[in-house]
Amino acid sequence: MRLRPVRLLTVADLAATMLFAVEGGALGAAAGLDLFGVLVVASATAVGGGIIRDLLLGDVPPAALRSVAYPAVITIGWLLVVVLYSGVRAIPTPVLVTLDAAGLALFCVVGATKALDFTVNPVFAVLLGTVTGVGGGILRDLLLREVPVVLRTDIYAVAAGLGAVVLVVARHFGVPRAAAMAAGAVACLTLRLVSAAFGWHLPQVTA
Amino acid sequence: MRLRPVRLLTVADLAATMLFAVEGGALGAAAGLDLFGVLVVASATAVGGGIIRDLLLGDVPPAALRSVAYPAVITIGWLLVVVLYSGVRAIPTPVLVTLDAAGLALFCVVGATKALDFTVNPVFAVLLGTVTGVGGGILRDLLLREVPVVLRTDIYAVAAGLGAVVLVVARHFGVPRAAAMAAGAVACLTLRLVSAAFGWHLPQVTA
Amino acid sequence: MRLRPVRLLTVADLAATMLFAVEGGALGAAAGLDLFGVLVVASATAVGGGIIRDLLLGDVPPAALRSVAYPAVITIGWLLVVVLYSGVRAIPTPVLVTLDAAGLALFCVVGATKALDFTVNPVFAVLLGTVTGVGGGILRDLLLREVPVVLRTDIYAVAAGLGAVVLVVARHFGVPRAAAMAAGAVACLTLRLVSAAFGWHLPQVTA
C-alpha cells in the first residue's frame, strides 16, 4: 500500500506532534508544573512551530487548529507523561534527546514540504522548515524561562536546516516526495544525534 | 433597550480591555517601570490575547488595531493607574485578582463568540476563547520576566476554558448570544475567584 | 536621479536591516554565543519588527521572507560582526547605540509608510511604525533573556513613535514621501541620540 502524499504529510506531522508533546510535557513535569501547566507546555512545544509556519505562510486558521487530531494526539502524549512520571519518576536525558531529535527531523521536512506546496522560493522553504522544527522548542523554553534551545544546543537549528536543504534539493531534482522526506529526516536526525553524542560545537565569535 | 449582538460583543470586549489595561499597568508600575513602560505593559495585557486570536483566525488587521476605541480605552486605564498610584501607592492584591478575573471572564466569552462567528468547529472556539483570555497575561509576564500566569496560578486557564465551554455548549443548544455570554462569564469568574479564595490547586505531575 | 517610491522604501528597509543585524549580532557575540547563535540573534533583531508588522497588516508571506535580499543582507552583517570581533574584540557601546538609533529611525518611517499604503487610519500607522522599530529589539532581548529594551531604555519607543507621527502628519499635509521619511527619521534619530547622551528619562509611576 502506498500512502497518498497528503496523508503521508499528515502522518509525519502527527507523529512529530506526539514526540514533541511527550518531550515538552516531560520537561514541564520535571520543572514541577501541575497537571494543567504540563498540558500547556506540551501543547506549545508540539504545535508552536507549525502555527508560526502557518501564520507566516498565511494559511489560517493554522492546520493544528483546524483538525481535532492535533488536540487528541497532544492529550495522549500528555497522559503518557503523567503515567510515565508516576512509574519512573523521570525520563532519562538520552531518551528525551532522541525524542526531540526525531520530532525535529520530522518537523523540518514537513515544514519545508508544506512551504514548497505554497511557494517556489527554495530559500523560504528551507527557512520555514527550520522554523517548524525549532519554533515549538523556543516557545517551550520561553515559557519555562530557559535560554532557548536554538542558542544553547550547538548543532540544533543547523540540523533542522540541513534536513530542509536535503528535502528541497531532492525535490528540485525530481525525487519523489516520500523519498525526499525520508532523506531529509535521516540527514537531520543523524547530524543531531551524532553531534549530541560527540559533543560537537561551533566556535564562539568572541573566542 | 436591547443591545444589538455586535454591539454587545464590542462593549464586553472594551470593558475587558479596560480591566486588563488597569491590571497590567498596575503590575508594571509596581515593577518600577516609567510612565511609558507602564503604557506598554498595559497595552500588551489589554489587547495581546485578542490580537493573537485574530491572527489565528486570519482576521487582520486585528480588531484592536482597526478601531480607535481600543487605544482610547487603554489610555484611560493607563491614566487611572498613574493617578491611583500617586494617591494610594499600590493597588491591593485582592483588587488586582478581581479585576483580572473579571477581564478573564469577559475575554474568554468574547473570544469564543468571535471564533464561533468565523468557524463551526467547537473545539477550536473553546481554544480561541481560552487564548483570548490568557494571551495578554502571558505577554505581560514575558515582558516583566515572570513565569507566565498560566503556569503559575493554578485554576486560571482552566477557568477561561470552562467559560468558553459553557458559552459554546449554550450556543449549541440555541441559548441567545447575550444569555450564553453571561452564563460563560459567570462560570469563569466564579471558578477563578473561588479557587483563588480557597487556594485550590491541581496536583503536580512529579508529586 | 530620483529614486522611485517603492525602491526608496526597499533601500531604507534594507539599510535598517543591515544596521540591526550588525547590532544584534554584536550583542549576541558579546553574550558568548557561537557562530550560529549570533546569526539567529542578528536575524531576529533585523527582521523581527517587520515580520510582526506584516503579520498584523495581513501581508503574508512577510516581505522579509519573499525576497532573498534580506537573508543576503543579514549574512553580510553577520560576517561583519564575526570579522570585527576577531579584530577588535568588542564594538564600543556608543557605536552600538548609534547603529541602533539609526536602524530604529529608518524602521519607524518604513513601517509607518507601509502601513499608510495599506490603510488610512493614522493612529494604526503610527502604532505599526513603532512596532516595526522596536519589535526586533524585543525579540532579541527575549532570546538573550534581558528585560526588553522598550521597558529598559527611557526614550526609545517614544522616539520611534515620534518619527512615525512626524511621517504620518507630513504625509497628511501632502509632503512628498521621500521628504516625509527623511523628516521622520531625523526626528527619531535626534530624540534618541540626544536623550541617550544626556540620560533623559521619564518619571516612574511609583516615584
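**Entry 1: where chains A and B meet**

I looked up the contact first, and it takes 23 residues from chain A and 22 residues from chain B; two residues are in contact if their C-beta atoms, placed from the backbone, lie within 7 Å. Helices here are DSSP runs (H or I, at least four residues), numbered from the N terminus. H2(A) gives the largest share of that side, six residues. I then sorted the residues of this side of chain A into 19 nonpolar, two polar and two charged. Nonpolar covers Ala, Val, Leu, Ile, Met, Phe, Trp, Tyr, Cys and Pro, charged covers Asp, Glu, Lys and Arg, and polar covers the others, Gly among them.

A note on the source: this is a predicted model, where local features need pLDDT of at least 70, side-chain atom pairs count only at pLDDT 80 or more, and totals for chains, interfaces and linings use all residues. Residues are numbered from 1 along each chain as its sequence is written, while chains are lettered from A and ligands numbered from 1 in the order in which they are written.

**Entry 2: one residue of chain C**

I turned to C:Gly137, which sits in helix H6 (residues 122-143) of chain C. C:Gly137 counts as buried because it has 29 C-beta neighbours inside 10 Å, and the cut-off for buried is 20 or more. Leaving out residues up to four places away in sequence, C:Gly137 touches C:Thr45, C:Pro148 and C:Val149.

Methods. Helix = DSSP H or I, 4+ residues; strand = E, 2+ residues; numbered from the N terminus. Buried ≥ 20, exposed ≤ 12 C-beta atoms within 10 Å, placed from the backbone.
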